[in-house]
Protein chains: 2
Amino acid sequence: MGGDYAPAAPVAGALLALAELDPEHRVQLVGRESVLRAQLDRHLGAEHAALAPHAGRIDFIDAADVIDMADKPTTALRGKPNSSMHVGLKLQVEGKSDAFVSAGNTGAQMAVSTVVLRLHQAVSRPAIATVFPTAREPIVVVDSGANVDCSPAELVTFARLGAAYAECVFGRTNATVGLLSIGEEPEKGNAVVKETHQLLLASGLSFQGNIEGRDLPKGESDRGPFDVVVCDGFVGNIVLKFYEAVAPMMTGLLRKNGADDALLGKSFAHLDYSAYGGAPLLGVNGISIIAHGKSSARALKNAVKVAARAAASRLDAHIGERLGESAPSGVKA
Amino acid sequence: MGGDYAPAAPVAGALLALAELDPEHRVQLVGRESVLRAQLDRHLGAEHAALAPHAGRIDFIDAADVIDMADKPTTALRGKPNSSMHVGLKLQVEGKSDAFVSAGNTGAQMAVSTVVLRLHQAVSRPAIATVFPTAREPIVVVDSGANVDCSPAELVTFARLGAAYAECVFGRTNATVGLLSIGEEPEKGNAVVKETHQLLLASGLSFQGNIEGRDLPKGESDRGPFDVVVCDGFVGNIVLKFYEAVAPMMTGLLRKNGADDALLGKSFAHLDYSAYGGAPLLGVNGISIIAHGKSSARALKNAVKVAARAAASRLDAHIGERLGESAPSGVKA
């Protein structure tokens, strides 16, 4: 029910995802059932008629409350116990669902995810991991907005969470971690970053050292490529939003000077954020994918695929291992 | 004597600047005199022969010590008292020079500038103001790397320094200040930024409120354009280096897909950092312009022109007024 283009974009995104996923996958649409059913009918009666064979793999889960984009997280958490977020996330706790995706109110999703799914033992605050396209492979930046003031220990936890995500969802082997700072030497950075550097050296992670702002768009520093970048959510969010805005600004300048769409498409296709769909809230016991409020049907399709990949790769169990939790019986370490 | 292309780039930069500046301007080349004279002769004997008429407005000031790019600031400050930085900055204290420009060791330049020129009374730490090209007019980002952990009061001082710079050197009237944060509401941001927001509201500055990463490349937020962006040097340096690297990355992608130089030149000319030449160290009693270590002759020419503009617009006196210092006799408020 959330996001700027709901319910059209989420319902279409679910259909598009089912068309691309293996046939054993199903999507549960959680929200006001009558609204969602009517929306699905509209899609099937018009532009997505060809996707009708996949509609049988959609289930409807009714949820009476709707969280508004302007609701404060606590209002949403306590005042709307039957929201699509509460109901959708509880399905995971009950073993009826493997992952949750929303383009709704981010603060509310963080709060409800934390309360309903609860946190891994070693985690004090969950973090958002965002994929940054680079000239090389995409990298994972964590935290990109959930936590503004972080302790060194929390940043080390973010590194473990990000490494598990890069390994499970992007197939990286022994993911390499870089610490975002203002110089490559260990003594460069603010007080928290300098202490974090020392903790990361002793963390057992594949730590590459400090990386700088200039290394982000390259996806590598002088010491080689990295998979994960650790920073607090204040810095991460500023850099993320800056990155999202620089590309359109440059594209606008190129268009004004006569660049054609073919050139722009070929050059910048892999910089398109909607290709990466959603950012997981890491640290919760389960899978909660935060999609951009402006997510299109295509972006939500990709968010559902990210969720499916996270579930299939047992991201949550892998995070438990990374955090040193003993594996539950039946799960191979 | 400093910078990656010394002494060729600084000597050529001085000649190029003199050719564009009014005839009453002179440039003092400070360093090993024999080296500098030989370098000037080489330029006049070859590619810059046409600039010979301007060579008479160059003075040579001998300085025996050379600060290495790898020297620690304290080593340079105490161990090399006859460096070109010490000698060149002392000329200002002695009233023999109006401004200082260097592409040398940034940390050393900050330390020597602070000790030789001293700080304005209300300033506890000097800050670096960097010009960011945007889709609109360029903006001034302060601090962009001098101070990593800043107090709210220091950030407010940076705002005053940046406003004076935008007014004197970029001709802005009553420069508008934005505070870099992760949401436009006053309660968004880390602890320091939230407190700074309140102080800026009461500062008498033309404060626009919080701006976000996405507003930087646009040079405006939903509330309109801004001239100055305030942040600590950790965030500022990361965003600056990221910006410097994003444009070449995107240009590379365009070239690979067949974009021609004419299109790229027309589109991105105003994003070229060398057009802005140098970043002033604000807060010192005098003018000290920090040029990029990789500065070309063209970049250094522009740095000298920025220095001339700062001196002609009485930047230093304007900063004194902005900081509430009583104007020295003979200086109009």
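I'll start with the interface: 100% of the interface residues of chain B are also interface residues in chain A, so the copies meet through the same surface. Keep in mind that this is a predicted model.

On symmetry, chain B superposes on chain A by a rotation of 180 degrees with 0.0 Å of shift along its axis, and the RMSD is 0.0 Å. The two copies are thus related as by a two-fold rotation axis.

Now the extent of the contact. 41 residues of chain B touch 41 residues of chain A. Between them the two chains bury about 4,000 Å², and carbon and sulfur atoms account for 78% of that.

For the polar side of this interface, 6 residue pairs are in polar contact, both residues at pLDDT 80 or more. Which elements of chain B supply at least two residues each to the side that touches chain A? They are α7 (191–201), α8 (233–256) and α9 (261–268). The largest share is from α8(B), with 16 residues. By class, that side of chain B has 27 nonpolar, 9 polar and 5 charged residues.

There are 2 salt bridges across the interface. Lys241(A) pairs with Glu212(B), with the closest N and O atoms 2.5 Å apart.

Next, the salt bridges in general. Over all chains the count comes to 32. I'll go through a few within chain A.

Lys294(A) and Asp4(A) form one, with the closest N and O atoms 3.7 Å apart. Lys294(A) sits in the loop between β12 (288–290) and α10 (297–312), and Asp4(A) in the segment before α1 (8–20), so this pair ties together parts of chain A that are 290 residues apart in sequence. Lys294(A) counts as exposed, at 53% relative accessibility, and Asp4(A) as partly exposed, at 41%.

Asp71(A) forms a salt bridge with Lys80(A), at 2.6 Å between the closest N and O atoms. Asp71(A) is buried, with a relative accessible area of 17%.

Then there is Glu167(A) with Arg322(A), where the closest N and O atoms are 2.4 Å apart. This pair also links distant parts of the chain: Glu167(A) is in helix α6 (residues 152–170) and Arg322(A) in helix α11 (residues 315–322), 155 residues apart. Are these two residues buried or exposed? Glu167(A) counts as buried at 14% relative accessibility, and Arg322(A) counts as buried at 19%.

Last, a network: salt bridges that share partners join Glu212(A), Arg214(A), Asp215(A) and Lys241(B).

Definitions and conventions
Residues are numbered from 1 along each chain as its sequence is written. Chains are lettered from A and ligands numbered from 1 in the order in which they are written. This is a predicted model: local features need pLDDT of at least 70, side-chain atom pairs count only at pLDDT 80 or more; totals for chains, interfaces and linings use all residues. Side-chain values use heavy atoms; hydrogens and water are left out. Contact means heavy atoms within 4.5 Å. Buried area is the accessible area (1.4 Å probe) that two parts lose on being put together, summed over both. A salt bridge is a side-chain nitrogen of Lys or Arg within 4 Å of a carboxyl oxygen of Asp or Glu. A polar contact is a pair of N or O atoms within 3.5 Å; within protein, one must be able to donate a hydrogen and the other to accept it, and residues adjacent in sequence count only if both atoms are side-chain atoms. Helices (H or I, at least four residues) and strands (E, at least two) are DSSP runs, numbered from the N terminus. Ala, Val, Leu, Ile, Met, Phe, Trp, Tyr, Cys and Pro count as nonpolar, Asp, Glu, Lys and Arg as charged, and the others, Gly among them, as polar. Copies are superposed by least squares on the C-alpha atoms of residues with pLDDT of at least 70 in both. Buried means under 20% relative accessible area, exposed over 50%, partly exposed in between (1.4 Å probe, protein chains only).
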